[in-house]
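I opened my notebook on this one and jotted down what I looked up, in the order I looked it up.

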Amino acid sequence: VTDLAHQAVRQPPYPTVLKPYGQGLVELAARRADVLCLSGDLTRQCEVDLFQQSYPDRFINAGMAEANMIGIAAALARCGHVPFVHTFGVFATRRPLDQIINAVAYPALPVRIVGFMPGISSPGGPSHQAIDDVALMRCVPGMTVIDVADAVQARQACDAIVDLPGPVYLRLRRGETPVIFDQHHRLALDRADVLTSGADVALFAAGMMLAPSLAAAAVLARHGLGVSVVSVPVIKPLDAATVARVASGCRVVLTAENHLITGGLGSAVAEVLAECGVASPLHRIGLRDTFAEGAGTMRYLFGKYGQSTQSVVDAAWQALAMAGAPPASGVVAVGPGEYSPV
Amino acid sequence: VNSPGDGFAVRLSDPGTHWQVADPDRLARAIRLRAVQMVAAHGYGYLGQALSCAELVAALLAVARPGADRLVCSPGHYVIAFYAAAAEVGLIPEHLLGDYGQDGSPLEAIGTERSPLFDYVGGSLGQGLSAAAGFALSDRLRGRDARTFVLISDGELEEGQVWEAAMFAAHHRLTSLTVLVDANNSQVDGPVDTITTIEPMASKWESFGWAPTELDGHDLPAVTAALVAARQASRPAALICRTSTRHGLDCLPPDADGHFIKLPPGLAAAAIAELTARLERASD
């Protein structure tokens with residue numbers, strides 16, 4: 001798909017790995033005695049059973065009590081520890097929002113809040129689907145908000161954020177995690193990565209929507225359309241320069257996020273376009289002012305709620321006012337342990 | 001994090017911070033007088049909090065080890081009493097009290113990150129015990145010999161986070177924690193017991209794994225003794241201190257709102273006269 005230096009991505013189906021973040025945290029903890037790990041009764045699910053086994057004295061299970069867990073983490077950070085706090089994204093952001101704002105963000109403490117199971121990756125229904133976590137965290141002053149796309153980035157995330165001066169919200173998918181980037185990729189917090197070049201569509205993608213965005217770009221390329229796919233792992237602070245530059249070089253702008261289209265990546269890009277005077281039409285892909293539902297599979301939900309490869313192809317087709325029906329995206333066959341986007 | 005400016009202590013727990021309380025009873029009376037003077041400048045304010053907790057603050061400052069023990073004020077509205085006490089023992093310049101709560105003052109009426117003295121002060125209520133538990137946990141991880149004292153108001157016990165933190169502290173045997181509950185039966189909408197039944201407080205704390213002591217929060221020797229005894233407790237200690245938002249100031253009208261007392265000039269003058277007389281009597 002790409003030939004840009006240092007940003008090579010694989011072709012689907014992607015191999016998958018388990019617990020890339022959990023391994024990254026253990027590797028960091030080996031070098032950094034100030035790193036502590038807190039869990040809200042979701043230890044294995046958040047991959048930090050690895051930390052618990054390796055460093056039991058630095059592991060704190062706060063139980064199902066997110067408000068207190070954030071308060072504990074804030075005090076630990078105030079004392080010079082670097083606490084990494086783990087639970088599902090819904091519980092990490094909705095329940096303790098006041099604690100995050102008052103006890104963590106206002107004093108600008110280096111608490112790392114790690115929320116698993118983003119957007120509609122959970123089939124567990126609205127109570128378990130973090131469709132608003134990026135929006136909630138993005139409006140908190142001083143909060144860095146990260147939505148990584150694959151296992152390579154997940155593994156590097158702890159190293160990348162450990163020394164940031166203020167709080168961080170890190171959004172991570174759960175379970176078998178695809179490897180999209182090659183082994184030379186380096187997660188950078190200060191830039192969005194332009195993965196493909198094209199002058200028709202600027203497609204900004206975060207988190208789990210990178211894979212369908214790359215797949216959609218390949219489909220559109222076969223129909224003569226050029227797509228600049230930009231991976232945006234850091235939603236705040238946004239790499240506004242890259243957003244404005246790529247957007248102004250294309251006919252239309254698309255954003256793709258596993259989240260509500262309000263308050264997250266789509267809103268952040270819209271703000272940049274408006275402030276920079278980029279006049280391209282913007283189409284945001286994601287949940288549109290709705291809750292999703294419980295289901296049997298993530299694939300079903302991504303299809304039903306417009307987060308599939310076909311959704312991205314359709315959005316580009318319509319944005320460009322192309323004649324005829326949009327091309328079918330097709331499905332990449334996957335074997336055991338492999339991943340391809342819906 | 002704190003940036004209080006020149007001339008006063010950042011935190012009581014910071015190494016090198018020093019103070020002495022020669023006469024805790026006199027300090028409690030001085031807190032009341034200074035709090036009235038601070039509130040009089042506005043005509044209203046958090047005077048009831050200072051009246052109910054004056055002995056608790058005086059005892060705390062008498063017992064806490066300067067430059068080591070930590071202080072958490074969970075209800076930020078109570079900072080008035082700590083500022084009054086801090087000025088009295090020379091921790092902050094006296095003249096700052098005159099600007100308390102005024103535009104640009106470093107002494108805001110509700111505690112903030114700029115507030116001096118505290119390891120943590122909460123403005124959004126119910127969060128202080130979590131912070132205190134975090135400090136106690138950090139001190140244990142680091143082998144730091146220090147106690148953490150937490151002032152909590154009874155109204156805050158309506159917040160679920162307090163009980164999350166209480167369970168956490170007991171489970172982790174954070175015995176360096178001492179909670180002082182200012183049980184003044186006062187919250188914004190009226191007496192706590194008319195709004196939510198939080199009793200029986202002592203047995204709640206006990207069932208959560210704490211060592212509770214119930215006492216008259218205006219009995220200074222009793223509060224002091226309970227704070228000293230808490231050092232030996234095998235569980236985190238909770239002092240349920242029964243208090244009144246009118247204690248030690250007889251001239252307040254019977255319908256004074258304990259959360260936010262109105263103090264027009266005439267009443268302020270009467271209160272200052274009454275408390276000055278009490279202070280002078282105490283010095284005899």
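**Entry: the interface.** I started with the area that chain B and chain A bury between them, which comes to about 1,900 Å², with 60% of it on carbon and sulfur atoms. I kept in mind throughout that this is a predicted model. Next I looked up the residues, and found 23 of chain B in contact with 24 of chain A.

Entry: How many salt bridges does the rule find across the interface of chain B and chain A? I got one. The partners are Glu113(B) and Arg78(A), whose side chains meet at 2.8 Å, N to O. I then looked up polar contacts and noted 10 residue pairs between chain B and chain A, both residues being at pLDDT 80 or more.

**Entry: what chain B brings.** Which elements of chain B each supply at least two residues of the side that touches chain A? I wrote down helix 4 (128–142) and helix 5 (160–171). Helix 4 of chain B gives the largest share of that side, with nine residues. Sorting the side of chain B that touches chain A by class, I had nine nonpolar, eight polar and six charged residues.

**Entry: salt bridges over all chains.** I widened the search to the whole structure and it returned 30 salt bridges. One that I followed up joins Arg155(A) to Glu27(A), with the closest N and O atoms 2.1 Å apart. Arg155(A) sits in helix 7 (residues 151–161) of chain A and Glu27(A) in helix 1 of chain A, so this pair ties together parts 128 residues apart in sequence.

**Entry: the largest pocket.** I turned to empty space, since rolling a probe the size of a water molecule over the atoms shows where it is left. The largest pocket holds about 280 Å³. It has 17 lining residues, and the closest to its centre are Leu125(B), Ser153(B), Ser186(B), Gln187(B) and His259(B). I sorted the lining of the largest pocket into four nonpolar, eight polar and five charged residues.

**Entry: cavities.** Searching the whole structure, I found six cavities of 30 Å³ or more. The largest cavity has about 90 Å³ of space. Of the 15 residues lining the largest cavity, Val148(A), Ala154(A), Leu172(A), Arg173(A) and Thr177(A) lie nearest its centre. Helix 1 (20–31) and strand 7 (168–172) of chain A are the elements that give two or more residues to this lining. By class, I counted eight nonpolar, two polar and five charged residues in the lining of the largest cavity.

Entry: I checked the backbone last, since most residues other than glycine have a negative phi, and most peptide bonds are trans. Pro237(A) is in the loop between strand 12 (234–236) and helix 9 (240–248) of chain A. Another cis peptide bond joins Pro12(A) and Pro13(A), omega being about 0 degrees. Pro13(A) belongs to the segment before strand 1 (14–17) of chain A. Finally, I looked at Lys19(A), a residue other than glycine with a positive phi, near 55 degrees. Lys19(A) lies in the loop between strand 1 and helix 1 of chain A.

Terms used
Residues are numbered from 1 along each chain as its sequence is written. Chains are lettered from A and ligands numbered from 1 in the order in which they are written. This is a predicted model: local features need pLDDT of at least 70, side-chain atom pairs count only at pLDDT 80 or more; totals for chains, interfaces and linings use all residues. Side-chain values use heavy atoms; hydrogens and water are left out. Contact means heavy atoms within 4.5 Å. Buried area is the accessible area (1.4 Å probe) that two parts lose on being put together, summed over both. A salt bridge is a side-chain nitrogen of Lys or Arg within 4 Å of a carboxyl oxygen of Asp or Glu. A polar contact is a pair of N or O atoms within 3.5 Å; within protein, one must be able to donate a hydrogen and the other to accept it, and residues adjacent in sequence count only if both atoms are side-chain atoms. Helices (H or I, at least four residues) and strands (E, at least two) are DSSP runs, numbered from the N terminus. Ala, Val, Leu, Ile, Met, Phe, Trp, Tyr, Cys and Pro count as nonpolar, Asp, Glu, Lys and Arg as charged, and the others, Gly among them, as polar. On a 1 Å grid over the protein atoms alone, a cavity is a set of points where a 1.4 Å probe fits but cannot get out, and a pocket is an open set with protein on both sides within 12 Å along at least five of seven lines; lining residues have an atom within 4 Å of a point. Grid points are joined across faces, edges and corners, and a volume is the space filled by probe spheres set on the points.
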